[in-house]
2 protein chains.
Amino acid sequence: MTIIITAFERSPDGGKGLARDTRVRWALEEVGQPYEVRLVSFRAMKEPAHLALHPFGQIPTYEEGDLALFETGSIVFHIAERHAGLLPDNADARARAITWMFAALNTVEPPILELATARILEGDKPWSKERLPLVEDRVRHRLKQLSARLGSADWLDGGFSAGDLMMVSVLLRLKSSGILDGYPSLADYVARGEARPAYKRAFDAQLAVNTGKPPTG
Amino acid sequence: MTIIITAFERSPDGGKGLARDTRVRWALEEVGQPYEVRLVSFRAMKEPAHLALHPFGQIPTYEEGDLALFETGSIVFHIAERHAGLLPDNADARARAITWMFAALNTVEPPILELATARILEGDKPWSKERLPLVEDRVRHRLKQLSARLGSADWLDGGFSAGDLMMVSVLLRLKSSGILDGYPSLADYVARGEARPAYKRAFDAQLAVNTGKPPTG
């Protein structure tokens with residue numbers, strides 16, 4: 001059955017790979033599943049046809065026959081559950097990999113999104129300059145804890161898993177801020193994720209949409 | 001195998017049920033699994049023994065034999081996957097219920113947590129009064145979309161699921177703010193969750209910890 005995902009017609013990041021379809025593309029590339037992409041304009045995202053697929057008017061969505069899903073975490077989990085390569089076979093190790101997916105999305109990403117909001121949506125507010133360090137400190141607090149747990153390991157729990165895919169994707173949002181530089185082991189961890197052939201294919205595919213050029217790979 | 005979860009020795013909310021152990025207690029009550037609770041002080045949460053269980057120094061954690069998990073979403077999913085009552089049998093319906101778990105934690109909860117941060121951690125800042133309406137608007141935006149999707153249904157997708165358990169738990173954080181009053185169908189949805197016998201048992205159990213009295217049920 002053909003897998004169809006949605007992505008921005010024009011990503012707000014211009015193709016830096018931060019739009020969430022990259023996470024789904026990456027998961028599909030890791031497990032070797034082909035997929036089609038339907039591009040959605042900002043206007044179409046708020047219209048009934050898209051809201052029927054995604055109640056919060058965002059991308060990505062995932063369609064496969066009669067099944068329609070939204071929410072990146074759920075889509076990546078669905079892919080990981082059905083195809084080998086993203087979750088360990090051992091039941092306990094699998095549960096721990098799923099734990100890291102949730103930790104990436106519910107514990108590490110919220111302060112990072114808050115930082116983006118502070119910079120972009122509230123960047124022109126009178127409180128912006130004084131408030132930004134507070135928000136950055138909340139991000140650093142999480143990075144310090146994450147770095148302590150990762151230690152000198154390559155991945156968060158044994159081999160690369162959907163938990164790492166999600167955590168690396170979340171940390172990639174910080175790349176341009178310079179904050180990751182304070183945590184060399186996390187910067188290396190992100191670089192290991194970016195170096196995976198599946199990530200590169202996913203990145204190139206989203207970049208091609210945003211530059212109008214076909215992927216070079 | 002005995003299930004052991006951790007909870008605050010003294011919850012910051014004084015027993016209003018907003019600490020995240022309530023979500024795990026609720027899930028365990030829905031599936032009829034007994035559990036033990038180990039209480040953790042704020043000090044102990046930051047010490048190595050607890051950080052080994054929970055790298056971000058929070059509660060709840062979940063231990064069952066050799067398995068140790070953290071992150072509420074992952075714990076509730078683990079319970080839902082292993083015991084009947086929280087996820088539909090049909091594969092597509094199951095994937096949609098999991099979608100709502102992720103949506104609750106990654107799309108609806110972040111602006112609600114930001115509102116809590118704005119009120120509590122930044123309540124004494126010079127920008128607080130001017131900034132608060134912006135943060136509230138972000139919460140309302142999500143509530144409006146969620147309310148539109150729920151419509152006149154009792155639960156988000158067919159029967160009650162782990163997705164509803166998580167969404168109701170997230171919305172409960174808004175109860176004291178009055179914001180939910182603007183969305184009567186969501187207020188009713190939350191009330192339906194609170195009326196479930198399993199929720200009541202979970203609520204009473206966490207209240208008993210915080211008042212020092214045994215549950216009356």
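In the predicted model, Leu143(B), Leu146(B), Ser147(B) and Leu150(B) of helix α6(B) meet Ser185(B), Leu186(B) and Tyr189(B) of helix α8(B). Sorted by class, this contact of α6(B) with α8(B) comprises five nonpolar and two polar residues, with no charged residues. The axes of α6(B) and α8(B), the latter spanning residues 184–194, come within 9 Å and cross at roughly 75 degrees. Because angles of 65 to 115 degrees count as roughly perpendicular, α6(B) and α8(B) are described as roughly perpendicular to each other.

A second pairing of helices is found in chain A, where the axes of α1(A) (residues 21–31) and α7(A) (residues 162–172) come within 10 Å and cross at roughly 150 degrees. Since angles over 145 degrees count as roughly antiparallel, α1(A) and α7(A) are therefore roughly antiparallel to each other, and their crossing is right-handed. On the side of α1(A), the residues involved are Arg23(A), Trp26(A), Ala27(A) and Glu30(A), which meet Ala162(A), Leu165(A), Met166(A) and Ser169(A) of α7(A). The contact of α1(A) with α7(A) has five nonpolar, one polar and two charged residues.

Helix α4(A), which covers residues 72–82, is mostly covered, with nine of its 11 residues buried. The buried residues of α4(A) include Gly73(A), Ile75(A), Val76(A), Phe77(A) and Ile79(A). These buried residues of α4(A) pack against α1, β3, β4, α5 and α7 of chain A, together with α5 of chain B.

In soluble globular proteins, nonpolar side chains tend to be buried together. In the present model, the largest nonpolar core has 113 residues, and those with the most contacts inside this core are Ala27(A), Val76(A), Ala162(A), Ala27(B), Val76(B), Ala162(B) and Met166(B). When neighbours within four places in sequence are left aside, Met166(B) is in contact with Arg23(B), Gly73(B), Val76(B), Trp100(B), Met101(B), Ala104(B) and Leu105(B).

Between the two chains, 33 residues of chain B are in contact with 32 residues of chain A. On the side of chain B that touches chain A, at least two residues each are supplied by β4 (67–70), α4 (72–82), α5 (91–121) and α6 (128–150) of chain B, and α5(B) gives the most, with 14 residues. The residues on this side of chain B divide into 16 nonpolar, eight polar and nine charged.

How values were computed:
Residues numbered from 1 in each chain as written. Chains lettered and ligands numbered in written order. Predicted model: local features only at pLDDT ≥ 70, side-chain atom pairs only at ≥ 80, totals over all residues. Contact = placed C-beta atoms within 7 Å. Helix = DSSP H or I, 4+ residues; strand = E, 2+ residues; numbered from the N terminus. Nonpolar A, V, L, I, M, F, W, Y, C, P; charged D, E, K, R; others polar. Axes fitted to C-alpha atoms, helices over the stretch in contact; angles between N-to-C directions. Parallel < 35°, antiparallel > 145°, perpendicular 65-115°, else oblique. Left-handed = near helix turned anticlockwise from the far one by under 90°. Core = buried A, V, L, I, M, F, W, Y, C linked by C-beta atoms within 7 Å. Buried ≥ 20, exposed ≤ 12 C-beta atoms within 10 Å, placed from the backbone.
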